[in-house]
Amino acid sequence: MNRTNFLLILCDQLSASALSFYGNSYSHTPNLDRLAEKSAIFEYTYTPCPLCQPARASFWTSRYPHETGVRTNLPLQQVPRFREQPHSGEPEIMASLSETLPTMGQLFSEAGYRCVHFGKTHDYGALKGFQIVPSEEVKIPRENPSINYDYETFLDIDTTQKAVRWLSTEANSCGQPFLAVADLQNPHNICSYIGEMRDGCHPDTFPLERSLPPLPENFEFDDIGNRPPFIQYLCCAHRRLRHASHWTPLDYQYYLYAYYHYLSTVDRQIGEILSALEAGKNAGNTAVIFFSDHGEGMAAHRMVTKYGVFYEESNRVPFLVSGPGIPAGKRITGVASLLDLLPTMLDYASLPVPGTLSGISLADALTGSSEATGNSYIAAEWHDEFRDYTVPGRMICDENYKYTCYLEPDSEELFDLQSDRLETKNLARLPEYSLVLESYRRKLADHLVKTSDDFLRLAVSDTSAYRHHPLGYQNHQGLSAVEEYAISIKAKAAGQQA
């Protein structure tokens, strides 16, 4: 049987709203635009968690973070979080996924596919079944002296070179169907840009090749007093949001300019990878799938990076699929989850779809007459990114409304996605929406039971040492919780060594 090959290309921290085929009028991504013209485009796809490692462990297995056990970017909770001497030079213990959870690499390897992965892993063992090609940094100078490059940009150069080389050689002669992954880091380099510009940018030394991008329509957080405390004081938790807390609107525009710079950089690399596939013999028999693990704040609600919010910019990701039998340019409505990636690929390849997967197959929407995904809703989770500021949250979202809930008093949000996609007005406290609110509370309750989610039993950190400044991120005072915690750990280590 002549099975279809797969080439997965993914970025880190790329919001759907940053791309022209989702309506952005500023970004410059000619290679992704070219891919979109040949692809079916899912309109509303969401990450299962707005954080790298939980999201990745989830979409490689089609299981929610509470099912994989990977809730943070930290060691799993059932192993010691710190050694007695955390700075002794010994590596911190990292747990792996349960061997009982089937992964994409395992399922496709068992079906006779050659599975090879290039680039970012950050997977907690969820890449089992793939041949993982090690990555190395290839350092280059800055193109713009005010936009820094760190290991992420350097690793992407190596990932691109190795993926191009493999697609140009081994992919054409391996003698079996392949599943290749080009796992790129950018535009994640924006995180270190924010840290470098924590005191604001210097326009007089910041060369521009084109005009600055406009601020988003929802830049001003007019509704902040009507949001959960976790959102109101997010700057107290997250160092990058704390770094940006006193930025001017112009600083935010330069930050967006840098974000689009990193996006343009990775778009060029995606173009090289696509060209390598197209130049070989497999172009006509390879499904190309493009997506991102999660989004980026992009100055919406004055937010940068992601961290625990379920807003569109941080959670809605691109999802393109091209390949044999898939109509080019088809726009697929309804909501989708990255959990749907694995069952869709298996179904499209005519392979068995295990009943234990939490996502559903979207293959009929890709190749059949359906114009919608078939999901009645999707769900997403949040636990924490760092230590000492844990406020778990959940999201339930469909085509009409988005409902979010955090484990603190008065911590619900409800948005009408038909009339307020920018999420400017929280409807959860309005009496006229009480019936809608109650219906989405029931949806969440049913989802928790259906998926054996322990959300309501999770612990919440004591945040009383923070949240003392007036509302508004621009009014933040002091360090963030993660920075304070890092200081305490260093002090503890110093005391142990004395």
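Some ground rules come before the details. The model is predicted, so local features need pLDDT of at least 70 and side-chain atom pairs count only at pLDDT 80 or more, while totals for chains, interfaces and linings use all residues. Residues are numbered from 1 along each chain as its sequence is written, and side-chain values use heavy atoms, with hydrogens and water left out.

I start with helix α2, residues 52-59. Helices here are DSSP runs of H or I with at least four residues, strands are runs of E with at least two, and both are numbered from the N terminus. Eight of the eight residues of α2 are buried, so the helix is largely enclosed by the rest of the structure. Buried means under 20% relative accessible area, exposed means over 50%, and partly exposed is in between, with a 1.4 Å probe and protein chains only. Among the buried residues are R56 and F59. What covers them includes β1 (5-11), α3, α4 (104-110) and β5 (178-183). The cover also includes β6 (286-292) and α11 (341-348).

Next is H66, which sits in helix α3, residues 65-68. Is H66 buried or exposed? Its relative accessibility is 11%, so H66 counts as buried. Leaving out residues up to four places away in sequence, H66 touches R71, E381, R394, T451, S452, D453 and D454; a contact means heavy atoms within 4.5 Å. The side chain of H66 also reaches the backbone oxygen of T451 at 2.7 Å.

That brings me to helix α13, residues 434-450. How does its span agree with its 17 residues? At 1.5 Å a residue the helix should span 24 Å, and its end C-alpha atoms are 24 Å apart, which agrees. The expected span is 1.5 Å times one less than the number of residues. The buried residues of α13 are L437, Y440, L444, H447 and L448. They cover an arc of only 100 degrees around the axis, which puts them on the same side of α13; the arc is that of the directions from the helix axis to the C-beta atoms. These buried residues pack against β10 (378-382), β11 (393-397), β12 (401-406) and β13 (412-416). On the other side of α13, L435, D446, V449 and K450 are exposed. After the helix comes S452, whose phi is positive, near 50 degrees.

Two other residues have a positive phi without being glycine. H122 has a phi near 50 degrees and lies in the loop between β3 (114-119) and β4 (131-133). At 26% relative accessibility, H122 counts as partly exposed. D410 has a phi of about 55 degrees and lies in the loop between β12 and β13.

There is also a cis peptide bond, from N186 to P187, with omega near 10 degrees. P187 is in the loop between β5 and α6 (190-196).

Last, the pocket. Which residues lie nearest the centre of the largest pocket? They are S17, N24, P216, E313 and L422, out of 24 lining residues. Helices α9 (249-279) and α10 (312-315) each supply at least two residues of that lining. A pocket, on a 1 Å grid over the protein atoms alone, is an open set of points where a 1.4 Å probe fits, with protein on both sides within 12 Å along at least five of seven lines; lining residues have an atom within 4 Å of a point.

Key:
A polar contact is a pair of N or O atoms within 3.5 Å; within protein, one must be able to donate a hydrogen and the other to accept it, and residues adjacent in sequence count only if both atoms are side-chain atoms.
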